[in-house]
Amino acid sequence: MTNTNNWLPQSEKNAEVSVCIRLDGICLFQVTTKLENVSERVGLIQNRLKQISYLYFSQKTPKAIITKKMINNLPNINVSISEQEIRLMTVTTLDVKNEGVDTATKANFIIERLEQGLKRGKKEREGIYLLKKGFISAAIIGSLLVINFLLSRLVKQLSSSRDRVYKYRSSQPISTVLTRREQWNIKEVQYRLLQITQGGIWFAGTLIIIGLFPYTRIGQIWLINFLRIPIRIGIVSLGTYLVIRTSYALIDKFSSILFNQDLLSIDSNQRLQLRLTTISLVARSIITIIWIVIGIIVALSVIGINVAPLLAGVGILGVGVSLSSQNLIRDAINGFFIIVEDQYAVGDVIQVGDFSGLVENINLRITQLRDPAGRLVTVPNSEVRIVANLSSNWSRADLMIPVAYEIDVDKALKIVHQVAQDMMQDKFWKNNILDNPEILGVDSFEEWGLIIRVWIKTRPLKQWEVSREFRRRLKVDFDNEGLPLAIRQQKLFLTHDSSSKNGRPLA
């Protein structure tokens, strides 16, 4: 019986339990008793059965006389071997309470099973029987080795295939990355299943071999009982892992299908690729958490823990935690809207407050940026109030070109325009420039020169490459035409102090 007021099962002292009485690990019959007396009664019967079997098996031509005597209207089972009588047990009313028979019938059943068990045990200890079982064990071991060899080759091949998929998936286009990621998850599931199959075959083979011999058969029961809870937890953990990996593969498959549609092609909508990739990563995180929580609940349930009160307690605890973790809730809500509204995605370059960089990871709680210095900056989503996305749909190279006052401005503008046209005609750079560069003209006058401003619309994240190439070409053409670029003048101020003399620094 279970007390549902507690999250752990509680058994009452008056509860009745049925336990097998075993000979050489084989269940002969069951006895029923109160929970508080189960160890004492079962232990006593097992010890007496051990004495009986020892006397029986030690004789060359054993003979056991099993009798039934009524004492206080209850049958007592006695066994006589070599003129030595041992009382095995008394059949009680509890033993037949749920079987629909009387105590006398139960006693006759026990006597029959005991006779069969002793004869079987004696036969199993004969040399011919043991030799036969030895050959069977050798055949089983040989089969296990062959199967293990074949499975090892499959595991090795699958591991190599999985590693190849993982190695090349990061250097491919996004649609190919999703396809390879889906393949990797499927291969990972297959790889783990083969590994578990390998271990399971050896474990099952070992149990079978142990069960072949009467001397070791009880070890089979002990091993199963000892590993019962770990095996259950392991099966649930394995199932959870496989379900998570399969869910990853389904998410990647769905994303890959969307990428392969004409309306969502790579060339026509690169922005949507980044967004869908981000949603895919966030979905994987959410799926992982959900399946892990479900796996924990199932694991607790299969090992006998009453999870209903536990879930109620966790719910109450969750309310308390939520009240004290309002920042986490704000992070999650803001992260949800960041993803849904497509404020930025993985692969964008953004600026949040005083930090800017490439978005490497985003989930419901945090955004992680890699800044130009290579530092990983983690920003809670609740702190993302105003964000500048430098790579959404398209980017712009904003060039400020300084030229000296004494040069011909029209000639300088002509050179700037020519450089822009040359880049538009270049086979490589025209793929990164989305529209004709805008020569805005003289933007401002500075003390040290004129500023000519140029806007170039580029593909996302290509503005810096285009800017560097444009400046390089512009410098070469200006040098060829003998036109100087303006240089900001630095003024040197000399101060008089105790370390100087006549206005000159002391050496």
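Let's start with helix α9 (residues 409–425) and helix α10, which pack at an angle of about 135°, with axes 10 Å apart. The numbering comes from DSSP: helices are runs of H or I with at least four residues, strands are runs of E with at least two, and both are counted from the N terminus. The axes are lines fitted to C-alpha atoms, for helices over the stretch in contact, and angles run from 0 to 180 degrees between N-to-C directions. α9 and α10 are therefore oblique to each other. On the cut-offs, under 35 degrees is roughly parallel, over 145 is roughly antiparallel, 65 to 115 is roughly perpendicular, and the rest is oblique. The crossing of α9 and α10 is right-handed, where right-handed means that the near helix is turned clockwise from the far one by less than a right angle, and left-handed means anticlockwise.

Before I go on, a word on the model. It is a predicted one, so local features need pLDDT of at least 70 and side-chain atom pairs count only at pLDDT 80 or more, while totals for chains, interfaces and linings use all residues. Residues are numbered from 1 along each chain as its sequence is written, and side-chain values use heavy atoms, with hydrogens and water left out.

Helix α1 (residues 38–58) packs against helix α2 (residues 103–124) at an angle of about 50°, and their axes are 10 Å apart. α1 and α2 are therefore oblique to each other, and their crossing is right-handed.

How many salt bridges does a search of the whole structure find? The count is 18, taking a salt bridge as a side-chain nitrogen of Lys or Arg within 4 Å of a carboxyl oxygen of Asp or Glu.

One of them joins the side chains of R472 and E469, at 2.8 Å from N to O. Both residues sit in helix α10 (residues 463–481), 3 residues apart, which is about one turn of the helix. The cut-offs here are under 20% relative accessible area for buried, over 50% for exposed, and partly exposed in between, with a 1.4 Å probe and protein chains only. Salt bridges with shared partners also link D426, E469, R472 and R473 into one network.

Next, R453 and D398 form a salt bridge, with their closest N and O atoms 2.7 Å apart. R453 lies in strand β13 (residues 449–458) and D398 in strand β11 (residues 395–403), so this pair ties together parts that are 55 residues apart in sequence. D398 is partly exposed, at 36% relative accessibility.

A further salt bridge joins the side chains of E99 and K106, at 2.9 Å from N to O. E99 is partly exposed at 39%, while K106 is buried, with a relative accessible area of 4%.

On to the nonpolar side. Which residues make up the nonpolar surface patch? They are V243, I286, I290, W291, I294 and V298, and together they cover about 430 Å². The patch definition takes residues with over 30% relative accessible area and no salt bridge, joining nonpolar side chains (Val, Leu, Ile, Met, Phe, Trp, Tyr) within 5 Å and like charges within 9 Å. The areas themselves come from the Shrake-Rupley method with a 1.4 Å probe, and for residues only the protein chains shown count as cover. Helix α6 (residues 270–302) gives the most to this patch, with 5 residues. W291 lies in that helix and is partly exposed, at 30% relative accessible area.

Now for some backbone angles. N72 has a phi near 55°, a positive value in a residue other than glycine. N72 is in the loop between β3 (64–71) and β4 (74–81), and it is exposed at 70%. E83 also has a positive phi for a residue other than glycine, near 60°. That residue is in the loop between β4 and β5 (84–90), exposed at 86% relative accessibility.

A15, in the segment before β1 (16–23), is buried at 10%. A15 and L35 are 20 residues apart in sequence and 5.6 Å apart in space, C-alpha to C-alpha. Q351 is in strand β6 (residues 349–352) and is partly exposed at 37%. From Q351 to L369 there are 18 residues in sequence and 9.3 Å in space, again C-alpha to C-alpha.
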